[in-house]
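Hi,

Here is the model I promised to pass on.

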Amino acid sequence: MSDRARAARQEFARRLLAERSLIDFCAYVDPDARISDDGDPFVNSWYRAAHLQLIAHYLELAESGELWRDVPGDGKKTLIITTPPRHWKSSLVSRKFPAWFVGRRKSANRPHQVILASYGATLAEANNRAVLELMVQPRYQSVFTGIQLSSKSQAVNEWSLAGEPYPTAVAAGVGGGLTGQGADVLVIDDPIKDRAEANSATARARLWGWWEDVARTRLNPDGFAVIVLTRWHPDDIVGRLLDQQKREPGAERIVHLRLPALAETPAEREAAASQGLPWDSKDPLNRDPGFALWPERITAEEHEATKRAAPTSFNSLFQGRPSPEGGYVVGRDNFKFLPQAPKTHIKWVMPVDWAYTEKQVAPRHKSDPDFTAVGLLGLWTPSGNKEDARLVLAFADRIQADQHGAKEFVKRSILALGRGVPVRSAQDGIDRLFLSSMRSDPQLLPYSIKNLPHLPGDKVTKATPWMEMAQAGNFYIVVGAWNETFLSSVEQFPHGAHDDLEDMISVGAHYYGLGYKSRQVSAAVVQGFGK
(Lines give C-alpha, C1' and ligand atoms only; values in the text may rest on other atoms or scores of the structure.)
Protein backbone atom coordinates (compact mmCIF):
# COMPACT_ATOMS: atom_id res chain seq x y z
CA MET A 1 0.00 0.00 0.00
CA SER A 2 1.35 3.42 -0.94
CA ASP A 3 1.86 6.16 1.62
CA ARG A 4 -0.89 8.14 -0.06
CA ALA A 5 -3.35 5.28 0.19
CA ARG A 6 -2.36 4.64 3.78
CA ALA A 7 -2.92 8.30 4.66
CA ALA A 8 -6.33 8.29 2.94
CA ARG A 9 -7.38 5.20 4.86
CA GLN A 10 -6.19 6.75 8.13
CA GLU A 11 -8.12 9.95 7.38
CA PHE A 12 -11.29 7.97 6.65
CA ALA A 13 -10.92 6.00 9.89
CA ARG A 14 -10.51 9.19 11.90
CA ARG A 15 -13.68 10.65 10.41
CA LEU A 16 -15.59 7.54 11.41
CA LEU A 17 -14.18 7.75 14.95
CA ALA A 18 -15.08 11.43 15.15
CA GLU A 19 -18.69 10.66 14.26
CA ARG A 20 -18.93 7.99 16.95
CA SER A 21 -16.75 9.42 19.73
CA LEU A 22 -16.97 12.93 21.17
CA ILE A 23 -13.29 13.08 22.20
CA ASP A 24 -12.17 11.82 18.80
CA PHE A 25 -14.43 14.48 17.29
CA CYS A 26 -12.78 17.19 19.42
CA ALA A 27 -9.29 16.05 18.48
CA TYR A 28 -10.20 15.88 14.80
CA VAL A 29 -11.98 19.22 14.37
CA ASP A 30 -9.57 21.16 16.60
CA PRO A 31 -6.06 20.28 15.34
CA ASP A 32 -4.65 23.40 17.02
CA ALA A 33 -5.21 21.79 20.42
CA ARG A 34 -2.13 19.62 20.07
CA ILE A 35 0.22 19.14 23.01
CA SER A 36 3.35 19.76 20.95
CA ASP A 37 3.82 21.45 17.59
CA ASP A 38 5.43 18.41 16.04
CA GLY A 39 2.88 15.90 17.37
CA ASP A 40 -0.02 14.27 15.58
CA PRO A 41 -2.98 16.57 16.42
CA PHE A 42 -5.41 13.65 16.45
CA VAL A 43 -3.43 11.48 18.87
CA ASN A 44 -1.36 14.12 20.65
CA SER A 45 -4.31 16.34 21.64
CA TRP A 46 -5.03 18.15 24.89
CA TYR A 47 -8.53 16.71 24.62
CA ARG A 48 -7.02 13.30 25.48
CA ALA A 49 -6.67 14.47 29.08
CA ALA A 50 -8.27 11.90 31.39
CA HIS A 51 -10.84 14.26 32.91
CA LEU A 52 -12.01 15.48 29.48
CA GLN A 53 -12.34 11.93 28.25
CA LEU A 54 -14.45 11.10 31.30
CA ILE A 55 -16.69 14.14 30.77
CA ALA A 56 -17.07 13.18 27.10
CA HIS A 57 -18.00 9.64 28.10
CA TYR A 58 -20.77 10.96 30.37
CA LEU A 59 -22.03 13.22 27.57
CA GLU A 60 -22.09 10.29 25.14
CA LEU A 61 -24.09 8.24 27.63
CA ALA A 62 -26.45 11.18 28.09
CA GLU A 63 -26.93 11.56 24.33
CA SER A 64 -27.78 7.85 23.98
CA GLY A 65 -29.98 7.83 27.09
CA GLU A 66 -27.87 5.12 28.77
CA LEU A 67 -26.74 7.50 31.52
CA TRP A 68 -30.11 7.37 33.27
CA ARG A 69 -30.87 3.69 32.74
CA ASP A 70 -30.28 2.85 36.41
CA VAL A 71 -31.44 6.17 37.86
CA PRO A 72 -34.88 5.62 39.48
CA GLY A 73 -37.87 7.84 38.87
CA ASP A 74 -39.54 9.47 35.93
CA GLY A 75 -38.54 13.11 36.46
CA LYS A 76 -36.55 15.35 34.16
CA LYS A 77 -33.06 14.11 33.31
CA THR A 78 -30.12 16.27 34.36
CA LEU A 79 -26.36 15.72 34.18
CA ILE A 80 -24.40 17.95 36.56
CA ILE A 81 -20.68 18.41 35.92
CA THR A 82 -18.65 20.38 38.46
CA THR A 83 -15.06 21.17 37.56
CA PRO A 84 -12.31 23.59 38.62
CA PRO A 85 -11.66 26.76 36.59
CA ARG A 86 -9.38 26.58 33.53
CA HIS A 87 -9.97 22.91 32.78
CA TRP A 88 -11.62 23.35 29.34
CA LYS A 89 -15.13 22.54 30.48
CA SER A 90 -16.70 25.19 28.23
CA SER A 91 -14.64 24.22 25.20
CA LEU A 92 -15.83 20.64 25.47
CA VAL A 93 -19.36 20.93 26.86
CA SER A 94 -20.63 24.21 25.42
CA ARG A 95 -18.79 24.40 22.07
CA LYS A 96 -17.77 20.97 20.81
CA PHE A 97 -20.55 18.85 22.28
CA PRO A 98 -23.50 20.86 20.81
CA ALA A 99 -21.95 20.70 17.32
CA TRP A 100 -21.35 16.95 17.68
CA PHE A 101 -24.85 16.44 19.12
CA VAL A 102 -26.57 18.25 16.24
CA GLY A 103 -24.50 16.51 13.57
CA ARG A 104 -24.90 13.04 15.06
CA ARG A 105 -28.63 13.42 15.74
CA LYS A 106 -29.44 15.06 12.39
CA SER A 107 -27.53 12.35 10.49
CA ALA A 108 -29.66 9.72 12.25
CA ASN A 109 -32.93 11.69 11.79
CA ARG A 110 -33.28 12.10 15.54
CA PRO A 111 -34.44 15.20 17.50
CA HIS A 112 -31.56 17.69 17.82
CA GLN A 113 -32.73 21.05 19.18
CA VAL A 114 -30.26 22.83 21.45
CA ILE A 115 -30.49 25.62 24.02
CA LEU A 116 -27.27 27.19 25.30
CA ALA A 117 -27.51 29.29 28.47
CA SER A 118 -25.03 31.11 30.69
CA TYR A 119 -25.14 33.82 33.36
CA GLY A 120 -25.34 36.43 30.60
CA ALA A 121 -26.55 36.45 27.02
CA THR A 122 -23.12 37.63 25.80
CA LEU A 123 -21.36 34.51 27.08
CA ALA A 124 -24.10 32.21 25.79
CA GLU A 125 -23.93 33.83 22.36
CA ALA A 126 -20.14 33.52 22.33
CA ASN A 127 -20.51 29.78 22.85
CA ASN A 128 -23.18 29.63 20.15
CA ARG A 129 -20.94 31.55 17.75
CA ALA A 130 -18.17 29.01 18.37
CA VAL A 131 -20.59 26.21 17.47
CA LEU A 132 -21.59 27.99 14.26
CA GLU A 133 -17.98 28.60 13.24
CA LEU A 134 -17.12 24.97 13.88
CA MET A 135 -20.00 23.61 11.81
CA VAL A 136 -18.92 25.41 8.63
CA GLN A 137 -15.35 24.12 8.82
CA PRO A 138 -14.28 21.53 6.21
CA ARG A 139 -13.28 19.06 8.92
CA TYR A 140 -16.76 19.17 10.46
CA GLN A 141 -18.37 18.84 7.07
CA SER A 142 -16.24 15.80 6.31
CA VAL A 143 -17.47 14.09 9.50
CA PHE A 144 -21.14 15.00 9.16
CA THR A 145 -21.68 15.24 5.44
CA GLY A 146 -24.81 16.96 4.28
CA ILE A 147 -25.25 19.11 7.40
CA GLN A 148 -25.92 22.63 6.14
CA LEU A 149 -26.89 25.82 7.93
CA SER A 150 -29.86 27.83 6.81
CA SER A 151 -28.78 30.85 4.79
CA LYS A 152 -31.56 32.87 6.45
CA SER A 153 -30.91 31.96 10.09
CA GLN A 154 -27.31 32.22 11.29
CA ALA A 155 -27.50 34.74 14.13
CA VAL A 156 -25.43 34.13 17.26
CA ASN A 157 -28.56 34.13 19.41
CA GLU A 158 -30.50 31.76 17.13
CA TRP A 159 -29.71 29.64 14.07
CA SER A 160 -31.23 26.80 12.10
CA LEU A 161 -30.21 24.00 9.81
CA ALA A 162 -31.22 24.27 6.17
CA GLY A 163 -34.77 23.14 5.52
CA GLU A 164 -35.91 23.24 9.15
CA PRO A 165 -38.78 25.56 10.10
CA TYR A 166 -37.77 25.82 13.78
CA PRO A 167 -34.59 27.11 15.45
CA THR A 168 -31.94 24.43 15.82
CA ALA A 169 -30.03 26.31 18.52
CA VAL A 170 -30.89 29.24 20.75
CA ALA A 171 -28.59 31.14 23.12
CA ALA A 172 -29.94 32.98 26.16
CA GLY A 173 -28.80 34.46 29.41
CA VAL A 174 -30.05 33.11 32.70
CA GLY A 175 -33.32 34.85 33.43
CA GLY A 176 -34.08 35.39 29.75
CA GLY A 177 -37.20 34.14 28.05
CA LEU A 178 -37.34 30.95 25.98
CA THR A 179 -40.97 31.05 24.92
CA GLY A 180 -41.76 28.64 22.12
CA GLN A 181 -38.34 27.03 22.04
CA GLY A 182 -37.90 23.34 22.79
CA ALA A 183 -34.68 21.54 23.67
CA ASP A 184 -33.48 18.00 23.22
CA VAL A 185 -30.41 19.14 25.13
CA LEU A 186 -30.26 22.19 27.38
CA VAL A 187 -26.66 23.17 28.20
CA ILE A 188 -26.28 25.58 31.11
CA ASP A 189 -22.67 26.67 31.44
CA ASP A 190 -21.56 28.92 34.31
CA PRO A 191 -24.99 30.19 35.40
CA ILE A 192 -23.32 32.18 38.22
CA LYS A 193 -21.21 35.18 37.29
CA ASP A 194 -19.03 35.71 40.36
CA ARG A 195 -18.75 35.48 44.14
CA ALA A 196 -20.92 38.53 44.74
CA GLU A 197 -23.76 37.03 42.73
CA ALA A 198 -23.29 33.64 44.39
CA ASN A 199 -23.53 35.23 47.84
CA SER A 200 -26.74 37.08 46.93
CA ALA A 201 -29.81 35.22 48.18
CA THR A 202 -31.89 37.22 45.70
CA ALA A 203 -29.70 36.18 42.76
CA ARG A 204 -29.78 32.53 43.84
CA ALA A 205 -33.55 32.60 44.15
CA ARG A 206 -33.84 34.26 40.73
CA LEU A 207 -31.68 31.56 39.11
CA TRP A 208 -33.69 28.78 40.75
CA GLY A 209 -36.95 30.35 39.68
CA TRP A 210 -35.70 30.59 36.09
CA TRP A 211 -34.64 26.95 36.17
CA GLU A 212 -37.95 25.77 37.62
CA ASP A 213 -40.34 27.93 35.59
CA VAL A 214 -38.50 28.52 32.33
CA ALA A 215 -35.48 26.37 31.55
CA ARG A 216 -36.54 22.87 32.54
CA THR A 217 -40.01 23.36 31.04
CA ARG A 218 -38.35 23.74 27.61
CA LEU A 219 -37.10 20.14 27.58
CA ASN A 220 -38.71 18.05 24.86
CA PRO A 221 -39.86 14.50 25.62
CA ASP A 222 -36.72 12.46 26.27
CA GLY A 223 -34.65 15.65 26.34
CA PHE A 224 -32.05 16.27 29.02
CA ALA A 225 -30.17 19.11 30.67
CA VAL A 226 -26.43 19.46 31.21
CA ILE A 227 -25.37 21.88 33.94
CA VAL A 228 -21.63 22.51 33.99
CA LEU A 229 -20.15 24.97 36.43
CA THR A 230 -17.55 25.90 38.98
CA ARG A 231 -19.24 26.00 42.36
CA TRP A 232 -19.32 29.14 44.49
CA HIS A 233 -21.97 28.53 47.15
CA PRO A 234 -23.65 25.55 48.86
CA ASP A 235 -27.09 26.96 48.03
CA ASP A 236 -26.43 27.35 44.30
CA ILE A 237 -28.49 25.57 41.65
CA VAL A 238 -26.45 22.38 42.11
CA GLY A 239 -26.90 22.44 45.88
CA ARG A 240 -30.64 22.86 45.51
CA LEU A 241 -30.93 20.09 42.92
CA LEU A 242 -28.95 17.67 45.08
CA ASP A 243 -31.04 18.57 48.12
CA GLN A 244 -34.20 18.05 46.10
CA GLN A 245 -32.95 14.66 44.99
CA LYS A 246 -32.43 13.67 48.64
CA ARG A 247 -35.88 14.86 49.69
CA GLU A 248 -37.77 13.49 46.69
CA PRO A 249 -35.89 10.60 45.08
CA GLY A 250 -36.94 10.17 41.48
CA ALA A 251 -38.62 13.56 41.17
CA GLU A 252 -35.53 14.64 39.26
CA ARG A 253 -33.26 12.07 37.61
CA ILE A 254 -29.86 13.53 38.43
CA VAL A 255 -26.36 12.26 37.72
CA HIS A 256 -23.56 14.28 39.30
CA LEU A 257 -19.98 14.11 38.04
CA ARG A 258 -17.74 16.03 40.45
CA LEU A 259 -14.12 16.40 39.40
CA PRO A 260 -11.99 17.89 42.22
CA ALA A 261 -8.74 19.58 41.26
CA LEU A 262 -6.87 17.45 43.81
CA ALA A 263 -7.90 13.88 44.53
CA GLU A 264 -9.16 13.74 48.11
CA THR A 265 -7.94 11.77 51.09
CA PRO A 266 -10.26 9.41 53.00
CA ALA A 267 -10.31 11.95 55.84
CA GLU A 268 -11.50 14.70 53.47
CA ARG A 269 -14.24 12.43 52.14
CA GLU A 270 -15.36 11.59 55.66
CA ALA A 271 -15.36 15.26 56.61
CA ALA A 272 -17.45 16.14 53.54
CA ALA A 273 -19.92 13.33 54.27
CA SER A 274 -20.32 14.47 57.89
CA GLN A 275 -21.03 18.02 56.68
CA GLY A 276 -23.61 16.90 54.14
CA LEU A 277 -21.39 18.13 51.30
CA PRO A 278 -20.98 16.34 47.95
CA TRP A 279 -18.58 13.44 48.24
CA ASP A 280 -17.69 10.22 46.46
CA SER A 281 -16.68 6.84 47.81
CA LYS A 282 -13.68 6.94 45.48
CA ASP A 283 -12.08 9.32 43.04
CA PRO A 284 -13.89 9.33 39.65
CA LEU A 285 -10.55 8.91 37.88
CA ASN A 286 -9.09 6.49 40.45
CA ARG A 287 -6.34 8.97 41.31
CA ASP A 288 -4.20 8.66 44.41
CA PRO A 289 -4.89 11.36 47.03
CA GLY A 290 -3.27 14.67 46.17
CA PHE A 291 -2.95 13.92 42.45
CA ALA A 292 -3.91 16.84 40.21
CA LEU A 293 -6.83 16.65 37.79
CA TRP A 294 -4.81 17.94 34.83
CA PRO A 295 -1.17 17.86 35.96
CA GLU A 296 0.15 18.65 32.48
CA ARG A 297 -1.53 22.05 32.69
CA ILE A 298 -1.85 22.80 36.43
CA THR A 299 0.37 20.88 38.80
CA ALA A 300 -0.50 19.60 42.25
CA GLU A 301 2.03 22.06 43.67
CA GLU A 302 0.23 24.97 42.01
CA HIS A 303 -3.08 23.76 43.42
CA GLU A 304 -1.54 23.39 46.87
CA ALA A 305 -0.31 26.98 46.68
CA THR A 306 -3.82 28.15 45.81
CA LYS A 307 -5.20 26.06 48.65
CA ARG A 308 -2.81 27.60 51.17
CA ALA A 309 -3.63 31.12 50.02
CA ALA A 310 -7.42 30.72 50.04
CA PRO A 311 -8.62 27.39 51.48
CA THR A 312 -12.34 28.17 51.47
CA SER A 313 -12.31 29.38 47.88
CA PHE A 314 -10.18 26.41 46.87
CA ASN A 315 -12.60 23.93 48.43
CA SER A 316 -15.47 25.63 46.67
CA LEU A 317 -14.11 26.51 43.23
CA PHE A 318 -11.53 23.78 42.78
CA GLN A 319 -12.88 20.90 44.84
CA GLY A 320 -16.62 21.43 44.24
CA ARG A 321 -17.39 21.42 47.97
CA PRO A 322 -18.50 24.92 49.04
CA SER A 323 -18.63 25.34 52.81
CA PRO A 324 -21.89 26.25 54.49
CA GLU A 325 -22.27 29.99 54.76
CA GLY A 326 -21.26 31.40 58.12
CA GLY A 327 -19.57 28.24 59.34
CA TYR A 328 -20.79 25.46 61.60
CA VAL A 329 -19.96 27.10 64.93
CA VAL A 330 -18.64 30.53 63.96
CA GLY A 331 -17.95 32.13 60.61
CA ARG A 332 -15.86 35.03 59.41
CA ASP A 333 -18.68 37.46 60.08
CA ASN A 334 -18.25 36.80 63.82
CA PHE A 335 -14.72 38.22 63.85
CA LYS A 336 -13.71 41.87 63.92
CA PHE A 337 -10.59 43.22 62.26
CA LEU A 338 -7.84 45.54 63.44
CA PRO A 339 -5.34 47.23 61.12
CA GLN A 340 -2.59 46.63 63.71
CA ALA A 341 -2.19 45.04 67.12
CA PRO A 342 -3.04 47.11 70.22
CA LYS A 343 -0.03 48.59 72.02
CA THR A 344 -1.51 48.99 75.51
CA HIS A 345 -3.66 47.02 77.95
CA ILE A 346 -2.86 43.73 76.28
CA LYS A 347 -1.12 40.56 77.46
CA TRP A 348 0.33 38.17 74.89
CA VAL A 349 0.93 34.44 74.70
CA MET A 350 2.31 32.21 71.97
CA PRO A 351 0.16 29.06 71.98
CA VAL A 352 1.44 25.99 70.15
CA ASP A 353 -0.34 22.86 68.97
CA TRP A 354 2.21 20.21 68.02
CA ALA A 355 2.33 17.53 65.35
CA TYR A 356 5.35 15.85 63.83
CA THR A 357 4.16 13.91 60.80
CA GLU A 358 5.53 15.21 57.54
CA LYS A 359 3.25 16.05 54.64
CA GLN A 360 3.44 13.20 52.14
CA VAL A 361 3.13 13.81 48.42
CA ALA A 362 0.81 11.72 46.22
CA PRO A 363 0.79 9.41 44.42
CA ARG A 364 3.35 7.53 46.54
CA HIS A 365 1.71 8.43 49.82
CA LYS A 366 -1.90 8.82 50.82
CA SER A 367 -1.65 10.58 54.15
CA ASP A 368 -2.65 14.15 54.94
CA PRO A 369 -1.29 14.52 58.48
CA ASP A 370 -1.89 17.22 61.03
CA PHE A 371 -0.13 20.55 61.19
CA THR A 372 2.00 22.08 63.89
CA ALA A 373 0.33 25.43 64.55
CA VAL A 374 1.60 28.56 66.30
CA GLY A 375 0.04 31.94 66.93
CA LEU A 376 0.25 35.18 68.83
CA LEU A 377 -2.88 35.56 70.94
CA GLY A 378 -3.57 38.53 73.17
CA LEU A 379 -6.04 39.28 75.93
CA TRP A 380 -6.98 42.92 75.53
CA THR A 381 -8.78 45.00 78.13
CA PRO A 382 -8.93 48.56 76.77
CA SER A 383 -10.62 49.84 79.92
CA GLY A 384 -8.50 47.77 82.32
CA ASN A 385 -11.66 46.00 83.48
CA LYS A 386 -11.79 42.21 83.21
CA GLU A 387 -15.45 42.46 82.18
CA ASP A 388 -14.25 44.26 79.04
CA ALA A 389 -11.80 41.51 78.01
CA ARG A 390 -11.34 40.71 74.32
CA LEU A 391 -9.18 38.29 72.41
CA VAL A 392 -6.82 39.51 69.69
CA LEU A 393 -5.14 37.14 67.25
CA ALA A 394 -2.18 38.97 65.75
CA PHE A 395 -0.69 36.06 63.84
CA ALA A 396 -1.25 32.38 63.03
CA ASP A 397 0.80 29.93 61.01
CA ARG A 398 1.07 26.17 60.55
CA ILE A 399 3.28 23.57 58.91
CA GLN A 400 3.19 19.89 58.04
CA ALA A 401 6.65 18.68 58.99
CA ASP A 402 8.63 15.91 60.67
CA GLN A 403 9.91 16.26 64.23
CA HIS A 404 12.96 18.30 63.29
CA GLY A 405 11.05 20.54 60.90
CA ALA A 406 8.31 21.22 63.45
CA LYS A 407 10.82 22.17 66.15
CA GLU A 408 12.70 24.50 63.81
CA PHE A 409 9.43 26.09 62.71
CA VAL A 410 8.36 26.81 66.30
CA LYS A 411 11.85 27.94 67.29
CA ARG A 412 11.91 30.53 64.49
CA SER A 413 8.51 31.79 65.62
CA ILE A 414 9.65 32.09 69.25
CA LEU A 415 12.79 34.00 68.35
CA ALA A 416 10.82 36.34 66.11
CA LEU A 417 8.41 37.30 68.89
CA GLY A 418 10.94 38.24 71.55
CA ARG A 419 11.56 37.25 75.17
CA GLY A 420 8.54 38.93 76.68
CA VAL A 421 6.01 36.51 75.23
CA PRO A 422 5.46 33.22 77.09
CA VAL A 423 5.17 30.04 75.04
CA ARG A 424 2.53 27.52 76.07
CA SER A 425 1.39 24.09 74.89
CA ALA A 426 -1.22 21.62 76.09
CA GLN A 427 -0.48 18.90 78.65
CA ASP A 428 -0.36 16.10 76.08
CA GLY A 429 2.36 13.51 75.46
CA ILE A 430 3.61 15.03 72.20
CA ASP A 431 3.52 18.56 73.59
CA ARG A 432 5.48 17.61 76.74
CA LEU A 433 8.08 15.83 74.63
CA PHE A 434 8.57 18.75 72.30
CA LEU A 435 8.67 21.46 74.95
CA SER A 436 11.15 19.50 77.02
CA SER A 437 13.59 19.52 74.11
CA MET A 438 12.84 23.16 73.31
CA ARG A 439 13.68 24.25 76.87
CA SER A 440 17.11 22.65 76.56
CA ASP A 441 17.96 24.66 73.44
CA PRO A 442 20.65 27.23 74.39
CA GLN A 443 19.04 29.93 72.26
CA LEU A 444 15.71 29.50 74.03
CA LEU A 445 16.92 29.43 77.64
CA PRO A 446 15.76 33.04 78.31
CA TYR A 447 12.19 32.23 77.23
CA SER A 448 9.26 31.06 79.32
CA ILE A 449 8.28 27.75 77.72
CA LYS A 450 5.79 25.61 79.65
CA ASN A 451 2.94 23.14 79.39
CA LEU A 452 -0.47 24.07 80.71
CA PRO A 453 -2.45 21.94 83.18
CA HIS A 454 -4.65 19.37 81.48
CA LEU A 455 -8.02 20.66 80.32
CA PRO A 456 -10.61 17.87 79.94
CA GLY A 457 -13.17 17.72 77.19
CA ASP A 458 -13.26 17.24 73.43
CA LYS A 459 -12.11 19.75 70.83
CA VAL A 460 -15.46 21.51 70.61
CA THR A 461 -15.72 21.83 74.38
CA LYS A 462 -12.23 23.30 74.60
CA ALA A 463 -12.96 25.71 71.76
CA THR A 464 -16.32 26.85 73.11
CA PRO A 465 -15.02 29.71 75.32
CA TRP A 466 -13.18 31.56 72.56
CA MET A 467 -15.84 30.77 69.97
CA GLU A 468 -18.45 32.25 72.31
CA MET A 469 -16.31 35.37 72.55
CA ALA A 470 -16.31 35.50 68.74
CA GLN A 471 -20.08 35.11 68.66
CA ALA A 472 -20.32 37.98 71.12
CA GLY A 473 -18.15 40.19 68.92
CA ASN A 474 -15.19 40.12 71.31
CA PHE A 475 -12.61 38.36 69.10
CA TYR A 476 -10.40 40.56 66.95
CA ILE A 477 -8.03 39.61 64.11
CA VAL A 478 -5.12 41.75 63.01
CA VAL A 479 -5.20 42.11 59.23
CA GLY A 480 -2.60 39.92 57.53
CA ALA A 481 -1.95 37.49 54.70
CA TRP A 482 -2.69 34.55 57.02
CA ASN A 483 -6.30 35.65 57.68
CA GLU A 484 -7.94 33.59 54.92
CA THR A 485 -6.26 30.35 56.00
CA PHE A 486 -7.42 30.83 59.58
CA LEU A 487 -10.96 31.92 58.73
CA SER A 488 -11.45 29.14 56.20
CA SER A 489 -10.35 26.57 58.75
CA VAL A 490 -12.60 27.99 61.46
CA GLU A 491 -15.60 27.95 59.14
CA GLN A 492 -15.16 24.20 58.66
CA PHE A 493 -14.63 23.42 62.35
CA PRO A 494 -15.35 20.86 63.74
CA HIS A 495 -15.92 18.95 60.49
CA GLY A 496 -12.85 20.06 58.54
CA ALA A 497 -9.99 17.77 57.65
CA HIS A 498 -7.71 19.74 60.03
CA ASP A 499 -8.37 21.63 63.27
CA ASP A 500 -4.83 22.49 64.39
CA LEU A 501 -5.36 26.24 64.28
CA GLU A 502 -8.48 25.88 66.42
CA ASP A 503 -6.64 23.70 68.92
CA MET A 504 -3.86 26.27 69.07
CA ILE A 505 -6.35 29.04 69.92
CA SER A 506 -7.89 26.78 72.58
CA VAL A 507 -4.45 26.45 74.21
CA GLY A 508 -4.17 30.23 74.35
CA ALA A 509 -7.69 30.62 75.73
CA HIS A 510 -6.85 28.05 78.43
CA TYR A 511 -3.77 30.08 79.36
CA TYR A 512 -6.00 33.08 79.97
CA GLY A 513 -8.28 31.09 82.23
CA LEU A 514 -11.06 30.77 79.68
CA GLY A 515 -11.82 27.19 80.62
CA TYR A 516 -15.11 25.54 79.86
CA LYS A 517 -16.02 25.53 83.57
CA SER A 518 -15.42 29.24 83.99
CA ARG A 519 -15.72 31.57 81.04
CA GLN A 520 -14.78 34.63 83.09
CA VAL A 521 -11.30 36.09 82.79
CA SER A 522 -9.59 35.86 86.16
CA ALA A 523 -8.55 39.02 87.96
CA ALA A 524 -5.01 37.65 88.22
CA VAL A 525 -4.74 37.55 84.45
CA VAL A 526 -5.97 41.12 84.06
CA GLN A 527 -3.87 42.47 86.92
CA GLY A 528 -0.63 44.06 85.82
CA PHE A 529 -1.58 44.84 82.22
CA GLY A 530 0.75 47.64 81.17
CA LYS A 531 -0.05 50.81 79.37
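**What I found**

Ile254 counts as buried because its relative accessibility is 6% (buried is under 20% relative accessible area, exposed over 50%, partly exposed in between, with a 1.4 Å probe and protein chains only). Before going on: this is a predicted model, in which local features need pLDDT of at least 70 and side-chain atom pairs count only at pLDDT 80 or more, while totals for chains, interfaces and linings use all residues. Residues are numbered from 1 along each chain as its sequence is written, and side-chain values use heavy atoms, with hydrogens and water left out.

Back to Ile254, which sits in strand β8 (residues 252-258); helices (H or I, at least four residues) and strands (E, at least two) are DSSP runs numbered from the N terminus. Leaving out residues up to four places away in sequence, Ile254 touches Val71, Thr78, Ile80, Leu241, Leu242 and Gln245 (contact means heavy atoms within 4.5 Å). Gly420 is 166 residues from Ile254 along the chain, and their C-alpha atoms are separated by 60 Å.

Now the sheet. Seven strands form an open sheet with mixed pairing, in the order β9-β15-β12-β11-β10-β13-β14 (two strands pair if DSSP finds at least two bridges between them). β9 (336-338) and β14 (449-451) are the edge strands, each pairing on one side only. β9 runs parallel to β15 (residues 475-478), joined to it by three bridges, and Lys336 stands opposite Tyr476 in β15. Helix α17 (residues 500-511) packs on this sheet, touching β10 (346-353), β11 (372-380), β12 (390-399), β13 (423-425) and β15, and its direction makes about 135 degrees with that of β10. Axes here are lines fitted to C-alpha atoms, for helices over the stretch in contact, and angles run from 0 to 180 degrees between N-to-C directions.

α17 also has a helix partner: α15 (residues 459-471) packs with α17 at about 60 degrees, with the axes 9 Å apart. The two are therefore oblique to each other (under 35 degrees is roughly parallel, over 145 roughly antiparallel, 65 to 115 roughly perpendicular, and the rest oblique). On the α15 side the contact is made by Lys459, Lys462, Ala463 and Trp466, and on the α17 side by Glu502, Asp503, Ile505, Ser506 and Ala509.

Last one: Thr485, in helix α16 (residues 483-492), counts as buried because its relative accessibility is 15%. Apart from neighbours within four places in sequence, Thr485 is in contact with Arg308, Pro311, Arg398 and Leu501.

Cheers
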